[in-house]
Amino acid sequence: MRRKFLLLLEMGLILAGLALGWSAWKVNSVLEQPLHVTQERLLDVPNGTNPNRMFYRMQNDGLLDDAFWLRLYWRFNMAGTPLHTGEYRLTPGMTVEQLFDAWRRADVVQYNLTLVEGWTFRQVRSAVAKHEKIKHTLDGLTDAEVMDKLGHTGVFPEGRFFPDTYRFVRGMSDIELLQQAYMRLDEVLAKEWSERTTDLPYRDPYQALIMASLVEKETGIPQERGQIAGVFVRRLRLGMMLQTDPTVIYGMGERYNGRITRADLREPTPYNTYTMTGLPPTPIAMVGREAIHAALNPATGTSLYFVARGDGSHVFSDDLDDHNSAVREFQLKRRADYRSSPAPQAQPGASEAAEPDAPAADQPSAQPEPDAAPAQQSAPAGDPAAADAPTPEEQP
């Protein structure tokens with residue numbers, strides 16, 4: 001009896017060994033199987049998906065075989081390994097084992113969205129809303145409701161987001177992306193504020209941000225930002241009006257059609273720096289680090305006026321007589337290829353959803369026309385306004 005038992009035990013062990021060996025071979029062959037893809041494609045792993053569900057889904061989609069064995073392998077060898085949300089790139093010849101490795105490394109496909117200096121919050125929302133890989137949760141909400149969802153109730157959104165190229169995976173929400181941009185602006189502004197020059201006419205960092213938005217909209221030439229900030233700072237100290245066209249345009253809102261008239265210059269909106277002294281109540285656009293740095297470190301000098309040459313650069317003047325001479329030379333006798341700033345450059349990494357900046361007017365008061373007619377033909381689309389001209393009463 002004992003002999004029979006030992007024989008049966010021996011046979012059982014042999015069979016168990018054979019079963020284990022076959023199972024190991026089977027699992028190994030399943031891991032080494034190439035995925036059934038003939039061209040590159042993306043595999044979407046939605047939020048909350050577990051490996052078992054993915055295996056059977058892939059089998060049903062014809063991407064692999066033997067989902068049962070893969071489930072066993074994952075349970076005994078990769079238990080606790082997170083399956084990161086996002087898209088994974090599948091290529092011809094790729095094996096299941098290579099896919100597992102991509103899952104371990106969270107090697108998900110990433111997308112870019114570039115928020116551009118000088119954009120308004122309306123343009124930021126439009127770009128985010130048009131990106132098909134972003135999860136949209138803000139459609140139909142007002143700007144105030146968006147700020148509520150961001151956790152910044154009562155904060156005006158204009159200028160509060162940092163222009164940069166943001167990388168994300170499919171399924172990231174619009175609110176998450178905007179939160180990143182908001183926090184990034186706070187970080188940059190705080191650092192620049194801590195390193196600012198002394199004796200600036202700003203009560204707090206927010207006023208510096210407002211100034212930076214004026215500098216951002218006034219020039220596309222980096223080396224001139226400090227000079228333009230210097231002109232504005234000196235004007236603030238002297239109690240002079242800033243007289244910058246982008247504030248007129250921003251105050252007009254949706255009424256702006258590419259041109260501004262004398263009547264627009266005289267309209268007392270909260271943003272019109274031709275009718276008010278000091279800074280506007282809020283930023284008028286999104287600003288980059290360079291504009292913030294210029295606002296907090298303005299160039300020294302004595303100039304109080306500047307006017308666009310037509311090639312993107314400016315002539316800076318200390319007094320009104322010199323400025324009026326520059327206006328006559330560069331504004332009243334414009335060359336055919338006149339530009340108030342450099343030609344727009346393609347934004348590296350910009351999303352297809354991105355919209356161009358709204359067109360801005362060139363120095364309307366440099367050559368005023370009747371109220372019923374536009375003051376000047378608008379600059380090319382995306383071209384920031386770039387002149388600080390005297391009011392119509394100061395014209396030569």
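1. Buried means under 20% relative accessible area, with exposed over 50% and partly exposed in between, using a 1.4 Å probe and protein chains only. Keep that in mind as you look at this predicted model, where local features need pLDDT of at least 70, side-chain atom pairs count only at pLDDT 80 or more, and totals for chains, interfaces and linings use all residues. Residues are numbered from 1 along each chain as its sequence is written, and side-chain values use heavy atoms, leaving out hydrogens and water.

2. Let's start with helix α10, residues 245-252, which is mostly covered: six of its eight residues are buried. Helices here are DSSP runs of H or I with at least four residues, strands are runs of E with at least two, and both are numbered from the N terminus. The buried residues of α10 are D245, P246, T247, V248, I249 and M252, and they pack against α8 and α11. Just after α10, G253 has a positive phi of about 65 degrees.

3. Now zoom out. The chain has 13 helices and six strands, and 48% of its 396 residues count as buried. Contact means heavy atoms within 4.5 Å. Among contacts between residues at least 6 apart in sequence, 71% join residues at least 24 apart.

4. How do α7 and α8 pack? Helix α7 (residues 174-194) meets helix α8 (residues 205-218) at an angle of about 100 degrees, and their axes are 10 Å apart. Axes are lines fitted to C-alpha atoms, for helices over the stretch in contact, and angles run from 0 to 180 degrees between N-to-C directions. Angles of 65 to 115 degrees count as roughly perpendicular, under 35 as roughly parallel, over 145 as roughly antiparallel and the rest as oblique, so α7 and α8 are roughly perpendicular to each other. L185, L189 and W193 of α7 make the contact with P205, A208 and L209 of α8.

5. Finally, follow M286, which sits in the loop between α11 (262-266) and α12 (289-296). Is M286 buried or exposed? M286 counts as buried because its relative accessibility is 2%. Leaving aside neighbours within four places in sequence, M286 contacts residues including L115, W119, V124, F161 and E216. P157 is 129 residues away from M286 along the chain, yet their C-alpha atoms are separated by 9.6 Å.
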